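Me: I have a model open and want to go through its interfaces. Can you take my questions as they come?

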Amino acid sequence: MQTVKVNNQTHVVDVPGDMPLLWVLRDILKLTGTKFGCGIAQCGACTVHMDGQPIRSCVLPVGDVSGREITTIEAIGEQPLAQKVQRAWLDHEVAQCGYCQSGQIMSAVALLANNNRIDDHAIDQAMAGNICRCATYTRIRSAIQDVSESVGVWQP
Amino acid sequence: MSDNHLTQESASRRQFLKGSTAAMGGLMVGAWLPPFAPKSAAAAAVATQKGALGDRFAEGFGAFVRVGHDGRVAVISPKIEMGQGIHTGIAMMVAEELEVGLDQIDLQEAPPDADLYTDTLLQFQATGGSTSTRYTWEPLRRAGATARMLLVEAAASVWKVEAGQCQARDGQVLGPDGQALGYGKLVDLAATYPLPETVELKQPEAFRLIGTPAQRLDTPAKVNGEAKFTIDLDVPGMLITSARACPVYGGTVRQVSDRAARAIPGVKDVVVLENAVAVTATNTWACFEALKALDIEWDYGANRELNSARVGEKLHEASRRDGVVAAENGNIDQSLDTAATQFEAVYEQPFLSHSPLEPMTCVAHVQADGCDLWVGTQVPGLAQQTAASITGLSPEQIRIHNQWIGGAFGRRLDFDFITQAVQIASKVDYPVKLTWSREEDMTHDMYRPRYVDRMTAAIGDDGYPAGWRHRIAGGSIIARYLGGLPDNGVDFDAVEIAVDPVYHLDDLKVHYIREEPEVVPISWWRGVGVLRGIYAVECFIDELAHNAGIDPLTYRKTLLQHRPRVVAALERLAEQSNWGDPLPEGRGRGLAVGEVFGSVVATVVELSAVGDKGIRIDRLVTVVDCGLVTNPTSVKAQMEGGTLFGLSAALFNEIEIEQGQVQQENFHEYRQLRMGEAPSVEVDVMPSAEAPGGVGEAGTALIGPALVNAVHAAFGDRVRQLPLTRSGYYIV
């Protein structure tokens, strides 16, 4: 039995401790907003927050998350900053197929929440782990810049 | 047929409601049932195109547009949404003519139905080849306009006035004396009228929606985790399944030892197919672990020895032979004999994987009297056929519930994974959701073919070509897909662009030499044959310009005097990219232009040479004349994304085969541009009154040659083989 706290709810799940968190979220808890893309932390589609930090849930054993707070795309909109990010994603019409965008947004929110100064280089670094096959990178950057400006952390 | 049609529609409606946040209440149920018209507008449009349909529409369903009692408009999309924004575009076309707001429209996926949903450009029901806007433009607007006319007629008859005195606006008909009736109130009466004989469509000046940027209808669900792709579906009683196919294409399973796999918690069944072994389990992780734990003895079959080097040698050999003549004007053989100069160049393009971020997925439930498939597919009719042939059920018993696709780029024009899902589902008594691992997806793709183009030009004293001979060697997607080549032996996809280059040439002869690398199943990849053709032609013309010592843009324009639309795009590109401005040493611009998918596109890459082989892309400018634009936001997005998609491939991507097995398994070996490497793409959409052209693949097709031409300008090195990493280049 594993205990996980996801989006402020504690769940006890009957899975082996080495099952990656991704599959607990998707297959057991039916939180399918977090996506599977590569299984080896190369694409970032599975990005969620653990205690506010972005992590790749496809390689994180569920046994290692007990006592930690996991937040997924389904609940991130409860945070005002994340709402701004989601809004910016729509204003900039970022998504194409949309499959990677949960992960992109989770990475972007963490970048914005955890930094007092954000510039292009910071965006490059923070978003480097997220592949978009539709290649919406330019719009992702603009959306992040917009939010950075609106919350006063943008450093041109 | 009628009953089944109904069932299928109800099911897909449920699906839609489940995934939709809009509260539509119970009205929709009643609203759905009364058909809009005995013969729908769209049916008429299709009927015009395809000839008589008999009494097919006695059942009363509109093919494209249905108006409910609550006034909501269901638009049945013959095109699947895979990121290109087509659902929004189609909704705009209907809304424009029907005089409703976009917020009054609900999108539904069309079921397989060749009579109703055949794309006349593709000649079957499919989403691909950048045809979606081009094909739907006429019938979908016509469907909206016809519906509007019938509703106006109904209102006029209620008010006992002339239809001409009434006006449709925002989902209502307005009468001459201030009367107003919502569409929902008029549906039943309108449905009793025959279709109008003539339907007039708005002139572009009258458009109020088309041509204005519209927020996409599908994106709100894509920023909060609500969007459902095939991989996210959950059907009652469903288990997950995943499979390992023979690593060599064409190989088979000899025997399997599955004890360790079955011991993994959650594993239910091990299903042995001819060429693959599948595991079903309560979760995906158990499937993946169990597949690793299987001990499978393969019969690798005839392709066990094949490797990339050998495939390359055979293609180069083939390019030295004449093949089937795909096009011929003038007499190139004579011109080559008498030309002041001959110039030959050989271009090579690698096998490519689609690698959409959603791997291959399909939910299948096979029962004695029917089969349900929930799957994002570009080819619903073919999905239906493959399921029918495996199960022995009739096509009408196969219900396809098409889904949003997490990237396709052509991958889901194939149905191998659907076949596999149905095979597995046929052997178990519960629904299964097939989910491939990334490794399975990348090593069992249907790859973009590898091609060798050998081009030989006859050059006059002025440095311009009298013409050229173009030999194209490669496998035939058409032959695999359609089960054979047309009578003339030419794969019409493989010779695209080559048979009709934009440039004026007195002599042109195009040979197609089919050289089939049996080991690699090949299929369409974003840009299709156009991508291959533009690469060869645009690199070659650039070389000819350079050899002649003439500016490559000027050189092209000289050969384009008969194509003013292309010249206009080039001139616009020159302005936008500051083409004539001098650049410092070590910096260069490359250009490519083409008339592709009904659009004219021209692209400039400006880059700096960093050290010996480092590339820093400084600017990327693309100009597109895609005719009348439906949603400018989507056009720009497709041009940006398509260009960078092609840039990743041209820089980095190649699928290699050793011992018959694909060597690249995941994104660390088949790498993609990442945030810090992706240049911004300056897209200039030219105002144009031409018919709508495609944009989904246009950017992808142009970037490759523009990039290598820029590499030549900056480094002085003429690279003819993609990807650039093969020649030691890297991105800075």
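Predicted model: local features only at pLDDT ≥ 70, side-chain atom pairs only at ≥ 80, totals over all residues.

Reply: Fine. Residues are numbered from 1 along each chain as its sequence is written, chains are lettered from A and ligands numbered from 1 in the order in which they are written, and side-chain values use heavy atoms, with hydrogens and water left out.

Me: Where are the domain bounds in chain A?
Reply: Domain 1 is 2-75 and domain 2 is 76-150; the bounds come from an automatic or database domain assignment. Their C-alpha centres lie 20 Å apart. The contact (heavy atoms within 4.5 Å) takes 19 residues from domain 1 of chain A and 17 residues from domain 2 of chain A.

Me: What area do domain 1 and domain 2 of chain A bury between them?
Reply: About 1400 Å², 51% of it on carbon and sulfur atoms. Buried area is the accessible area (1.4 Å probe) that two parts lose on being put together, summed over both. A:H49, A:I73 and A:A75 supply 35% of what domain 1 of chain A buries against domain 2 of chain A, more than any other three residues.

Me: Now the chain pair. How many residues of chain A are in contact with chain B?
Reply: 48 residues of chain A, against 59 residues of chain B. The two chains bury about 4400 Å² between them, with 58% of it on carbon and sulfur atoms.

Me: How many salt bridges across the interface of chain A and chain B?
Reply: The rule finds 4. In one of the salt bridges between the chains, B:D232 pairs with A:R26, the closest N and O atoms being 2.8 Å apart.

Me: Which helix of chain A gives the largest share of the side that touches chain B?
Reply: Helix 6 of chain A, with 5 residues. Helices here are DSSP runs (H or I, at least four residues), as are strands (E, at least two), numbered from the N terminus.

Me: Switching to chain B. Is B:L434 buried or exposed?
Reply: Its relative accessible area is 0%, so B:L434 is buried (buried means under 20% relative accessible area, exposed over 50%, partly exposed in between; 1.4 Å probe, protein chains only). B:L434 lies in strand 17 (residues 432-435) of chain B.

Me: What does B:L434 touch?
Reply: Beyond residues up to four places away in sequence, its contacts include B:T241, B:M360, B:F417 and B:I424. B:L434 and B:F417 are 17 residues apart in sequence and 8.2 Å apart in space, C-alpha to C-alpha.

Me: And helix 13 of chain B, how many of its residues are buried?
Reply: 8 of the 11 residues in helix 13 (residues 416-426) are buried, B:F417 and B:I424 among them.

Notes. Salt bridge = Lys/Arg side-chain N within 4 Å of Asp/Glu carboxyl O.
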